[in-house]
Amino acid sequence: MNCRQVVELMTDYIEGILSTDERARFEAHIAGCDGCRAYLAQMRTARKLTHTLADEPLPASLERELLDAFRNWRRL
Amino acid sequence: MGEGIEDSELAALRAGDEAAFRSLIRRYHGPMFRLAMTYVGDRGVAEDVVQESWLTCVRGLDRFEGRSSLKTWIFGIVINTARSRRRKESRILPFASFWRRDDSDQRRPTVDRSRFGSDGMWQSGPLSWDSIPESKVLGDETVQHVRAAIEALPPKQREVIVLRDVAGFEAGEVSSLLGISAANERVRLHRARAAVRQALEEYLR
């Protein structure tokens with residue numbers, strides 16, 4: 001495996017769906033390759049950062065409207 | 001998430017428990033808003049979609065049969081609401097054409113070939129971010145770049161990365177929510193994550 005092939009397997013590796021053989025070859029390559037090791041760490045950081053987009057706060061006005069709707073609907 | 005938690009949450013919602021509803025809408029607002037943005041591309045319209053989706057959920061709570069998880073059901077409603085909103089908007093805006101021309105299901109090299117030598121090994125490999133302070137790597141400005149990178153993605157990649165990495169769904173749940181194969185889900189996810197990483201590399205150099 002060369003670096004150009006390894007980078008295209010990064011997601012399958014992170015997802016844990018490489019075959020046992022592919023996984024072994026992937027890890028053997030990574031062990032000796034600074035660039036691919038950095039790339040893998042960056043893929044993981046990118047994913048962690050992407051998850052922080054979930055933190056967008058619910059606007060107070062929308063929260064009030066939704067709670068009103070919930071209250072009214074339950075009362076019917 | 002354990003199914004037991006969802007069951008008791010559903011029971012609380014059906015009983016009209018406002019605290020349970022508040023906790024639900026706070027928890028899912030971010031991912032729902034990001035997902036809505038994927039389809040409509042305008043903050044105001046996306047907020048409308050989120051609101052309309054919640055109203056649909058509230059009205060449907062009693063009819064929800066629990067064939068999927070509560071979360072999957074809610075996000076399915078967001079997708080339907082946002083898609084039908086997009087169809088209406090697309091008569092006015094040229095947004096829909098992005099979807100038709102989207103080649104996200106094709107496997108494509110995700111790293112510029114010029115970065116590799118003829119042997120396929122890195123010529124200009126990525127540099128580790130270990131020496132950059134964590135406060136910068138995980139800082140607000142970096143998050144802005146992530147958001148911009150995701151908004152710039154072709155829509156089919158965007159919906160997958162938002163469902164997987166923002167909303168936290170498993171691969172199988174995303175395939176069934178979007179009605180796509182596991183293979184297509186993976187190709188789209190891989191291209192999307194690689195693009196976000198690339199944008200970060202350019203910013204954090």
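**A loop residue and its setting**

Modeller: Leaving aside residues up to four places away in sequence, B:Ile132 touches B:Val137 and B:Leu204. This is a predicted model, and B:Ile132 sits in the loop that joins α5 (96–100) to α6 (134–137) of chain B. B:Leu204 is 72 residues away from B:Ile132 along the chain, yet their C-alpha atoms are separated by 8.1 Å. B:Ile132 has 13 other C-beta atoms within 10 Å. Buried needs 20 or more and exposed 12 or fewer, so B:Ile132 counts as partly exposed.

On confidence, the average pLDDT of chain B is 92, and 93% of the residues score at least 70. For the model, ipTM is 0.93 and pTM is 0.92. Where pLDDT is low, the predicted coordinates should not be read in detail.

Now the chain as a whole. Chain B splits into domain 1 (3–89) and domain 2 (102–203), and the C-alpha centres of these two domains of chain B are 26 Å apart. Their contact uses eight residues from domain 1 of chain B and nine residues from domain 2 of chain B. On the domain 1 side of chain B, α2 and α4 (70–89) are the elements that give two or more residues to the contact with domain 2 of chain B. That side is made up of four nonpolar residues, three polar and one charged.

Between the chains, the contact draws 49 residues from chain B and 38 residues from chain A. On chain B, the elements giving two or more residues to the side that touches chain A are α2 (18–40), α3 (43–60), α7 (140–151), α8 (155–166) and α10 (182–203). With ten residues, α2(B) supplies the largest share of that side. By type, the side of chain B that touches chain A has 26 nonpolar residues, ten polar and 13 charged.

Of those helices, α3(B) can be checked for length. Buried in α3(B) are B:Ala46, B:Val49, B:Val50, B:Ser53, B:Trp54 and B:Cys57. Viewed down the axis of α3(B), these buried residues fall within an arc of 135°, and therefore line one face of the helix. An α-helix has 3.6 residues a turn, so residues three or four places apart point the same way. B:Gly44 and B:Arg59 are exposed on the other side of α3(B).

Methods:
Residues numbered from 1 in each chain as written. Chains lettered and ligands numbered in written order. Predicted model: local features only at pLDDT ≥ 70, side-chain atom pairs only at ≥ 80, totals over all residues. Contact = placed C-beta atoms within 7 Å. Helix = DSSP H or I, 4+ residues; strand = E, 2+ residues; numbered from the N terminus. Nonpolar A, V, L, I, M, F, W, Y, C, P; charged D, E, K, R; others polar. Arc of directions from axis to C-beta. pLDDT = per-residue confidence, 0-100. Domains from an automatic or database assignment.
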